[in-house]
Amino acid sequence: MDLKHLNYFVAVAEAGSFTQAARKLHVTQPSLSKMVRLLEEDLGVQLIDRSAKQIELTDAGLTILRSAKHIIQSFEHMSSELEEVAKLKKGMLRLGIPPMVGGYFLPSIIEKFLTHYPQIRLQVIEQGGKSLEQDILQGELDFSMVILPVKDVEKYHVLPCMNENLRLVVHAGHKLASEPSIRMDQLEHESFIMFREDFTIHHLIKEQCTAAGFEPKVVFESSQWDFMTEMVAAKYGITLLPERVCMQLDPKRFASVSIVQPSIPWQLSMIWKKDKYLSFASKEWIRFMESELQNNK
């Protein structure tokens, strides 16, 4: 039985489609289908029911899927351990980040890390915090930068990285632009420009609005804070962003106002799954992050 065949079968089972799995694996669909059939012939059982519009696993397929994941994980651990024994300082890390983090927090750290370890490949994936949490649990990512709180926090190691507050962002001519601070209940009749629902900050802001006694009127959602601020400049609505993002805004076009009663904390942390084998690259990334955060205090 070929380990590659197992990998291909797991990819098809998780994607629920030969087409999507082939795209993810960067192989042709006929090649992928052939590999899965070879595995079925080796095992002497049918693993996938291809008669329906969407593929379904047979009982044998479900059994093999559970075992295959353990086999693949064990092989990956063995490979990583052999690499460490051989003292080869290389490997690959998969790091997930929310869009706001990429521009002003991680680039300098990543540059220093790759300078120290040029043979380590670092793959960075940008998406919403809720998706990042799931990708960590499913083994799609090694580390993720997320905004607290996270669901099922007991399943992760958590390294705090940044702690600041959200601020109100309005266009320069807005009636609240000259205020030294505002309360959340003062925003009841404003139009909100927000991150999409797969972003933790979306739910954080909605919870604070509810606590202030109103449901926010959301007129626009995006995954990019710079696009959101341009919509603010166009007088389409208001938004809430972290302090360091607000510092980058043009004061001639925007005003950022402190929010009190209550203030809204924006706590950036790095998470990784507990009970997961840590490769040399992973251990060095954790150590490097801890050192950089300590130096920046």
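How much space lies in the largest cavity? I looked this up in a predicted model. The answer is about 50 Å³.

**Entry 1: the cavity**

I counted cavities of 30 Å³ or more and got one. I then listed the residues that line the largest cavity. They are Pro98, Met100, Gly129, Ile147, Phe195, Phe199, Thr200 and Ile201. I sorted this lining by class: six residues are nonpolar, two are polar and none is charged.

**Entry 2: threonine 200**

I picked threonine 200 from the cavity lining. I found it in helix H8, which covers residues 200-211. Is threonine 200 buried or exposed? Its relative accessibility is 6%, so I noted threonine 200 as buried; the cut-off for buried is under 20%. Next I checked its contacts, leaving out residues up to four places away in sequence. Threonine 200 touches Gly129, Lys130, Glu133, Ile147 and Pro149.

**Entry 3: leucine 148**

I moved on to leucine 148. It sits in the loop between strand S5 (143-147) and strand S6 (156-171). Which residues does leucine 148 contact, leaving aside neighbours within four places in sequence? I found Val158, Gln267 and Ser269. I also took one C-alpha distance, from leucine 148 to isoleucine 201. The two are 53 residues apart along the chain, and their C-alpha atoms are separated by 9.0 Å.

I turned to the largest pocket. It holds about 1,500 Å³ of space. I noted 38 lining residues, with Ile72, Glu76, Arg94, Gly139 and Glu140 nearest the centre. Several elements give two or more residues to this lining, among them helix H1 (3-15), H2, strand S3 (91-97) and helix H11 (280-295). Which element gives the most? H4 does, with nine residues. By class, I recorded 13 nonpolar, 11 polar and 14 charged residues in the lining of the largest pocket.

**Entry 4: H2 against H3**

H2 spans residues 18-25 and H3 spans residues 29-43. Their axes come within 9 Å and cross at roughly 105°. I therefore wrote down H2 and H3 as roughly perpendicular to each other. On the H2 side, the contact uses Phe18, Thr19, Ala21, Ala22 and Leu25. On the H3 side, I found Gln29, Leu32, Ser33 and Val36. This contact has six nonpolar, three polar and no charged residues.

Technical notes:
Residues numbered from 1 in each chain as written. Predicted model: local features only at pLDDT ≥ 70, side-chain atom pairs only at ≥ 80, totals over all residues. Heavy atoms only, no water. Axes fitted to C-alpha atoms, helices over the stretch in contact; angles between N-to-C directions. Helix = DSSP H or I, 4+ residues; strand = E, 2+ residues; numbered from the N terminus. Parallel < 35°, antiparallel > 145°, perpendicular 65-115°, else oblique. Contact = heavy atoms within 4.5 Å. Nonpolar A, V, L, I, M, F, W, Y, C, P; charged D, E, K, R; others polar. Buried < 20%, exposed > 50% of the residue type's maximum accessible area, 1.4 Å probe, protein only. 1 Å grid on protein atoms, 1.4 Å probe; cavity = no way out; pocket = protein on both sides within 12 Å on 5 of 7 lines; lining within 4 Å. Points joined across faces, edges and corners; volume = space filled by probe spheres on them.
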